[in-house]
Structures are given as C-alpha cells and as structure tokens.
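This report walks through selected local features of one model, from helices and backbone geometry to side-chain contacts. Please read it alongside the sequence and the structure shown here.

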Amino acid sequence: MERNQFVPEEELAAQRLCMERVRALPQRPRTYHVVTYGCQMNAHDSEKLAGMLEAMGLSEAPARDEADFVIFNTCCVRDNAERRALGNVTWLKEVRKLRPELMIAVCGCMIQEPGMAERILRQYPFVDLAFGTSNLHRFPSLLEEVLTGGQRVVAVEDGDVIAEDVPVRRLRRDAAYLTIMYGCDNFCSYCIVPYVRGRERSRRMEDILREAEGLRDSGVQEIMLLGQNVNSYGKGMGTDFPTLLRAVDALGIPRIRFMTSHPKDLSDELVQAMADCRHVLPQFHLPVQSGSDEVLRQMNRRYTRAAYLDRVRALRQAVPGIGLTTDLIVGHPGETEEQFRETLSLVDEVGYDSAFTFIYSPRTGTRAAAMPDPVPAEVSTERIQRLIALQERRQREVMARFLGQTEEVLVEGLSKRSDRQVSGKGGHGVSVTFPGGPEDIGKIVRVRITAQRNNTLAGERAEETEA
Ligand code: SAH
Ligand code: SF4
Ligand code: F3S
C-alpha cells in the first residue's frame, strides 16, 4: 500500500496545536451538539468530531437548541436521509434569530456530493462552515479559520486519506466502534457511497490492534469493526479480514462484531474464522438487496441468488443458530413483478432475524439513476408492504428458536417501558428485555429466554432460574 494515503504526522501535529489555539480563543463557543444521520461509520465520525470539540475546550449541550455550536453530520444514501438533514438545518435558522451567536456547521457524506457545498453556501446563508468526509481530521483548523477570519468556510476535497490518532469521545463506555477500512470500490448501480467516501483503503493491522488493546484495557465489553465492505480488508497489503479477525479475537475482548460484509467476498476462510473465534458473536449482516439474478446483475452485485444461498448455508453449518440479517431494495429500475417475487421467495427461504427494507431512491451520478423503466412509486410502495409483511411473519417463526435458550446480553440501558426492566443485545443480535436495574448497565448477563414479542425477546436471569 502507498504510504501517501496516511495523513503525515506533521499535519496531525499541526491540528493538535490548532486545537490548543482554539481552546485559548476568547470568542470560541463553549458548548456543542452533534446531530448524526446515516450509518455506523458516520456515528463513529461524530465521535471523532465530539473528541476534537472537547479537546478544544467545548462541552456537550444536552439539546441542540441550547448549544453555542451545532454540527450536522449528514448522510445522502437515500433522498429522505438528505431531506431530513436539510430540514433540520433550516429549523436552526429560527433559533439563530433569537441567538445570533449560534454557530452552525454541516459535514459528512452529503457535502461530498458534486455541487452540494456551493448549494449550501447559496441556499443556507446561516451556515458558517461546511466540510466533507475527507476533511474530517482538518476540522480544528477549519473551525479556527471561521472563528478568527470572520468568514464562512467551505472545504471539500477528494483525498482518499487515513488519519490516525484523531481524538475520540465515545458514545458508550461498554461498546465501541473501531474502523478497519474506509471507502468502497464496489460501485453497486444504485449506491452513492463510493462517490462520497472515496476509494477503498485499509488501516494497518498494527494500528487496529493497538486501538483494540486500548479499548480492552479501558474495560470495553464489545467492539464493532467497521467498513463498507470489511470482507475486502487488507487487499494489496498481504493480509485479509479472517487474519485480522483472528488477531482481534486473541486480544480477549468479550464480544466482537463487524459490519458490513459483501456476499461476493465472503470467503471459506472467513466462515471458518467465525466458527473458530471464541469472541466473535454468532451473528452476520449479509445484505442481499434482491433475490433475482437479473436484478442482481443490473445492480452490479457480482453474485447470484444461488451463490448467496450457498454462503448462507456455509455460515449456518459453521455456526448453528447464527443470527442472520440483511438489507433489501425494492423498485430498482426495471424490476418486474416476477423479479420482485424472487426477492419474496428468497426472504421466505432464508428466514432472517431482521431485515432493513428500502424503496430504491435515485442518486444523481450513479449508474442506476440513468437506467430506463423506473418503477412507479405506488408499485414500489405496494411491494415494500408485501415484503415487510412476509419478513415480519418469517421473523416471528425463526425467532421461536430462542425460546428456552440462554442468551448472553450486554445491557445497554433501562427498558423504554419500565424502569425495573433492562434491555440489550443478545449474542445473536436480537434485543432482549429482562428484570434488572441501573447496576446492570454495561454488564454481560446470562438470560433465559421465556417470551417473544414482535421483534424482541424477553427473559429472566439464567442464574436465578437455574439456582
Ligand atoms: N456497504 C454496505 C451498506 C451501504 S448503505 C453494503 O454494501 O451492504 C446501506 C443500505 O442502504 C444498502 O445495503 C442498501 O440496501 C441501501 N441503499 C443504498 N443505496 C440505496 C438507494 N439509492 N436506494 C435505496 N436503498 C439504498
Ligand atoms: Fe454501496 Fe455497494 Fe459499496 Fe455497499 S458495497 S457501500 S451498497 S457500493
Ligand atoms: Fe450515509 Fe455516508 Fe453512511 S451516505 S449510509 S452516512 S457512508
């Protein structure tokens, strides 16, 4: 791998100095609020924004309308994600009328779209700062420029860089995100991610392991390895994802998960690593998108229905009872009723613990946006409803396998319904609720599953029922 992908240490040191200078500025904002849209990768970027802001002396405000500085970390994967973000930015304009000192920044994937930064400048004159995903590590110097120059600042580049050692303020103490690679080279027909997140690039294994060790030593119970396509980790570097997974497993962190896997790159070695690794949880998110070979070809997914089903079989053989989840798109250009039914039959056949279902949303610049035969909105709506109904039924059926079984649950917090109940994720990835209190938060508890609610499970402490 070329060394020039790494942001040089001098640049990172310059940013650290910058954070100290901002901290000393009398006119700097005192409190911040980060509003996050999109995927786990964006959520982790927000943790880095918060980390840099705290290093600059700001503290988090409980709500966005109370903060001196509000930053929107946007997503543009579907039209509604984009509209939500812009709608909320506009709402702050009213807050700014009451509090003229309020500063507003917009960053993230949306800003990387061609022409978007200029559009933001033109249509949203109350935005002080806009920067793209490739400029994240330069946030301190951009903020300093706004604060000292008295002018709005826009920064968007196409740099496919890796910046190590950016400060992070983690959302949770017990569970942590750990990025292993950035970008995506797959160019699925419908997807804007490769355009806004740049080319695929992997972090060095020693940097990842060092970060994981630090997390382990701070008491983290669970890490989630992140990348748009973790299965192609290490390409061109003489290593691969199964090797990394085994190395992380050996560190002794209780629970390891990862996201996202592309079916075309799911190797037998990875399946074997899933079976061997003690701490890697028995769950797998394997987006299929469609059950029709022709639609998969149009989508440039580079696997067939049969190849996908073969991977599902291999995973289930290696890890019996594994929790499988997926992503599905209905209404890709040209999708026929017949082809849609193949998606239904695949969902029926696999039996997912859960599925994220989306109506295809055209994204400017992608290949699908230029394809003929759009599926009418009412047809897509009707299809997604049928798909959801089927998935809900299959989910109820497959989740019955947990009844009477024991799940190890990492407790996230008090249940929304009762403060004498706690909830968290079981090892298979399903939410579990059981009697408990604040003292359980952040701990792993063995729970015997006694009941099944729509998409969650309920149970009792295994220790108590076994005694
Ligand atoms: N890298 C991951 C996820 C990327 S985005 C992967 O390859 O699976 C998450 C999901 O959003 C995708 O799996 C897909 O189902 C959905 N998605 C992406 N672009 C979309 C679009 N233009 N319209 C509708 N859904 C889309
Ligand atoms: Fe998008 Fe496909 Fe890359 Fe996933 S693998 S981010 S769906 S282009
Ligand atoms: Fe959205 Fe960017 Fe993630 S477009 S889904 S936030 S990579």
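## Helix α2 and the residue that follows

Just after α2, G57 adopts a positive phi of about 95 degrees. Helices (H or I, at least four residues) and strands (E, at least two) are DSSP runs, numbered from the N terminus. This is a predicted model, in which local features need pLDDT of at least 70 and side-chain atom pairs count only at pLDDT 80 or more, while totals for chains, interfaces and linings use all residues. Residues are numbered from 1 along each chain as its sequence is written, chains are lettered from A and ligands numbered from 1 in the order in which they are written, and side-chain values use heavy atoms, with hydrogens and water left out.

The 16 residues of α2 (residues 40-55) should span 22 Å at 1.5 Å a residue, and its end C-alpha atoms, 23 Å apart, agree with this; the expected span is 1.5 Å times one less than the number of residues. The helix is mostly covered, since 13 of its 16 residues are buried, where buried means under 20% relative accessible area, exposed over 50%, and partly exposed in between (1.4 Å probe, protein chains only).

An α-helix has 3.6 residues a turn, so residues three or four places apart point the same way.

## Backbone exceptions

Most residues other than glycine have a negative phi, and most peptide bonds are trans. Against that background, Q289, which is not a glycine, has a positive phi of about 75 degrees; Q289 lies in the loop between β12 (283-285) and α10 (293-298) and is buried, with a relative accessible area of 7%. N300 likewise has a positive phi, near 60 degrees, and is found in the loop between α10 and α11 (305-318), where N300 is buried at 19% relative accessible area.

The peptide bond from M259 to T260 is cis, with omega near 5 degrees, and T260 is found in the loop between β11 (255-259) and α9 (268-276).

## Salt bridges

Taking a salt bridge as a side-chain nitrogen of Lys or Arg within 4 Å of a carboxyl oxygen of Asp or Glu, the count comes to 43. One of them joins the side chains of R197 and D45 (3.0 Å, N to O), linking helix α6 (residues 193-197) to helix α2 across 152 residues, and both R197 and D45 are buried. R461 and D440 form another, with their closest N and O atoms 2.5 Å apart; R461 lies in strand β19 (residues 456-461) and D440 in the loop between β17 (431-435) and β18 (444-453), so the pair ties together parts that are 21 residues apart in sequence. Both R461 and D440 are buried.

The side chains of R393 and D348 also meet in a salt bridge (3.9 Å, N to O), which connects helix α13 (residues 377-399) with helix α12. Here R393 is partly exposed at 36% relative accessible area, and D348 is partly exposed at 34%.
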